[in-house]
Amino acid sequence: MKSIDFIREHKNKDTPLVSLTAYTTPMAQSLNPHVDFLLVGDSVGTVLYGMDNTTGVTLEMMIEHGKAVMRAKPHVPVIVDMPFGSYEEDSQEALNNAKRIMDETGADGVKLEGGVSMRVQIEKIVKADIPVLGHIGLQPQSVEKEGGYKIKGKTETQVEGLIEDAKCLEDAGAFAFVLEGTIDEAADQITKAVNIPSIGIGASAACDGQILVTEDLLGLLHARPPKFVQQYANMKGDIDWAIKTFAGDVRARRFPGEEHLYKKAS
Ligand code: KIV
């Protein structure tokens, strides 16, 4: 049984942490034996609901998907994303919503986007004994404000800002942080600047862990995956083959076969 402390203490280790996203019970069951923690990411909005970005994801959606993942009874910590609009404006509202996620799903912690700008919220949630995973670098919930997905750490000033963000997360009590869409060398510098693990996605091989969206690595999605994704399977192709074969079998009356039919006991 792995714990949040196991993640927190996994800094500068030879073997990086492994994490993947899960939104459903069967996927969590498949991932559980192979990962160090699971993230119920708000990427659920784009991956399962066909949304353009994550800003339309609601607290209720995150709670329902958190519950679904917890029904798999994972042996690794489960972190649930706080969706856009559920924590940024007011620290008391952030705490109330983090508590709702924890109470209603039984998950092990929450993740929220932002560094220095979210310090008060993170401190308040951590003080209430709720583990927080930070998320800095490219922040998908800011896509509309920023006019697109922009890679971070391209200038000295940006790198300094990101190091400040990472240090702030550490000071505020986050147990680790996702570092997304950040120039390789900058991600190395940020990782070295703090004593909590960095979990990279489109960041650097030198991060203390790596996370991907599971459906991206399985080749399940129709959109072209981002550059940082390695596809380990072509499940979209497998689905296409299976469904085409099923449709052909039905139309040719090969399915259902004798073995699929209920017979009167003789
Ligand atoms: O929502 C998500 O899945 C994430 C990961 C990509 C880190 O935040």
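How many nonpolar, polar and charged residues make up the shell around the ligand? In this predicted model, the shell holds four nonpolar, four polar and three charged residues. The residues surrounding the ligand are Thr21, Leu39, Gly41, Asp42, Ser43, Asp81, Lys111, His135, Val178, Ile201 and Val213. Of these, Leu39, Val178, Ile201 and Val213 are counted as nonpolar, and Asp42, Asp81 and Lys111 as charged.

An N or O atom in the side chain of Asp42 is 2.9 Å from an oxygen atom of the ligand. For Asp81, an N or O atom in the side chain is 3.2 Å from a ligand oxygen atom. Lys111 places a polar side-chain atom 2.9 Å from an oxygen atom of the ligand. On its own, the ligand has 260 Å² of accessible area, and the protein covers 95% of this area. The space that the ligand takes is the largest pocket.

Aromatic pairing was examined separately. The count comes to one aromatic pair, formed by Phe246 and Phe255. The ring centres are 5.7 Å apart, and the angle between the planes is 65°. The pair is classed as edge-to-face because this angle is over 60 degrees. Phe246 has a relative accessible area of 46% and is therefore partly exposed. Phe255, with a relative accessible area of 34%, is likewise partly exposed, because this value falls between the limits of 20% for buried and 50% for exposed.

Key:
Residues are numbered from 1 along each chain as its sequence is written. This is a predicted model: local features need pLDDT of at least 70, side-chain atom pairs count only at pLDDT 80 or more; totals for chains, interfaces and linings use all residues. Side-chain values use heavy atoms; hydrogens and water are left out. A residue is near a molecule or strand if one of its heavy atoms lies within 4 Å of it. A polar contact is a pair of N or O atoms within 3.5 Å; within protein, one must be able to donate a hydrogen and the other to accept it, and residues adjacent in sequence count only if both atoms are side-chain atoms. Accessible areas come from the Shrake-Rupley method with a 1.4 Å probe; for residues, only the protein chains shown count as cover. On a 1 Å grid over the protein atoms alone, a cavity is a set of points where a 1.4 Å probe fits but cannot get out, and a pocket is an open set with protein on both sides within 12 Å along at least five of seven lines; lining residues have an atom within 4 Å of a point. A molecule sits in a cavity or pocket if more than half of its atoms lie within 2 Å of its grid points. Rings of Phe, Tyr and Trp (its six-membered ring) pair if their centres lie within 6.5 Å; planes under 30 degrees apart count as stacked, over 60 as edge-to-face and the rest as tilted. Buried means under 20% relative accessible area, exposed over 50%, partly exposed in between (1.4 Å probe, protein chains only).
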